[in-house]
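Q: I'd like to learn how to read a fold like this one. Can we walk through it together?

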Amino acid sequence: MSTPDPAAAGPVPASERPDPAAPFGPLVGVEWLAERIGGPGVVLFDASVGAHRGAPARIPGARPFDLDGTLSDHAAAAPHTMPAAAEFADAMRGLGLDDTDTVVVYDGAGIYSSARAWWMLRAMGFDRAAVLDGGLPAWTAAGRPVEDAPAAYEGPRGTFTARPRPGLLVDAAAVSAALADPAAAVLDARTRERFEGTAPEPRPGLRGGHMPGAVNLPFGRLQGPQGLMLPPDGLRAAFEAVAAGKERLRFSCGSGVTACVLALGATLAGYRDTAVYDGSWSEWGLPSPDRPVTSGP
């Protein structure tokens with residue numbers, strides 16, 4: 001990846017900024033991918049969910065990272081719960097992933113569920129993964145080819161090894177501790193209406209509102225009008241506006257998916273002490289005296 005000229009006019013896109021802590025940054029642009037797609041050791045995952053899952057349009061060669069299917073623990077009470085390390089490793093091997101591969105993840109909505117796949121890979125010790133900035137919409141807007149088929153893989157098994165990092169995905173007890181920690185901030189990626197309890201929750205049985213002490217940063221605020229992530233200085237400003245300078249950040253959302261968009265943005269902005277609440281509101285919002293809820297701003 002070429003290094004941008006710092007003297008060039010305008011902000012440098014986040015997807016073109018190298019990350020000195022990794023072989024390449026956590027976000028790559030369409031041109032970066034187009035130059036490498038189909039190359040040896042480059043694996044492309046489609047992590048689309050909901051209406052975009054299994055859609056008959058994929059970036060050439062994309063394999064299915066099925067968050068609505070095998071890549072969530074369906075025995076857990078909350079949807080999209082991270083599978084156990086052994087199950088995750090088996091799924092990755094089944095998709096042909098080797099430890100030496102480089103992964104790019106995208107989704108059909110832009111940057112929505114792809115960040116969840118990226119964070120899961122990180123949580124399992126795999127650092128050579130990045131999110132495609134703008135996802136499939138950015139790829140097609142650039143006139144790049146799309147195959148008229150859903151993501152699929154029928155090749156040999158890979159050699160992926162899971163090396164779990166438990167601190168990247170946390171439970172309700174860790175979030176409760178963060179809410180009581182003056183050095184930490186808990187950021188909720190849901191819409192303002194859901195955060196304030198003025199809009200109903202899409203999942204039945206959940207209370208409306210938010211955790212007392214949490215702050216609201218809807219994940220869409222980290223993206224520009226074309227669905228691309230803001231540059232690092234814009235991301236840092238968005239976080240500082242709600243986190244009041246705190247560097248220990250914990251992220252929540254509806255089911256642990258868009259919380260990972262905040263995790264991606266925070267990583268690009270230079271935050272290092274970050275974690276995602278795996279159960280998110282699908283767990284916290286259930287009736288429980290141990291998980292208080294409040295409404296309003």
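A: Happy to. Bear in mind that this is a predicted model. One definition before we start: two strands pair if DSSP finds at least two bridges between them.

Q: Which order do the five strands of the open sheet take?
A: Strands of a sheet pair through backbone hydrogen bonds, either parallel or antiparallel. Here the order is S1-S5-S4-S2-S3, with parallel pairing. Strand S1 (27-28) and strand S3 (63-64) each have a single partner strand, so one side of each has no neighbour in the sheet.

Q: What packs on the sheet, touching S4 and strand S5?
A: That's helix H3 (residues 114-123), whose direction makes about 175° with that of S5 (129-132).

Q: How many bridges link S2 and S4?
A: Five bridges, in the parallel sense, between S2 (residues 42-46) and S4 (residues 102-106). Asp46 stands opposite Tyr106 in S4.

Q: Which residues touch the most other members of the largest nonpolar core?
A: In soluble globular proteins, nonpolar side chains tend to be buried together. In this core of 56 residues, look at Phe65, Phe88, Met92, Leu121, Phe239 and Phe251. Helix H8 (residues 259-268) gives the most to the core, with eight residues. Apart from it there's another core, of 15 residues, including Val28 and Leu136.

Q: What does Phe65 touch?
A: Leaving out residues up to four places away in sequence, its contacts include Phe45, Asp46, Leu71, Phe88 and Leu121.

Q: Is Ala214 buried or exposed?
A: The cut-off for buried is under 20% relative accessible area. Ala214 has 10% relative accessibility, so it counts as buried. Ala214 sits in the loop between helix H6 (192-196) and strand S8 (215-216). Not counting residues up to four places away in sequence, Ala214 touches Leu179, Val186 and Phe195.

Technical notes: Residues numbered from 1 in each chain as written. Predicted model: local features only at pLDDT ≥ 70, side-chain atom pairs only at ≥ 80, totals over all residues. Heavy atoms only, no water. Helix = DSSP H or I, 4+ residues; strand = E, 2+ residues; numbered from the N terminus. Contact = heavy atoms within 4.5 Å. Axes fitted to C-alpha atoms, helices over the stretch in contact; angles between N-to-C directions. Core = buried A, V, L, I, M, F, W, Y, C linked by side-chain atoms within 4.5 Å. Buried < 20%, exposed > 50% of the residue type's maximum accessible area, 1.4 Å probe, protein only.
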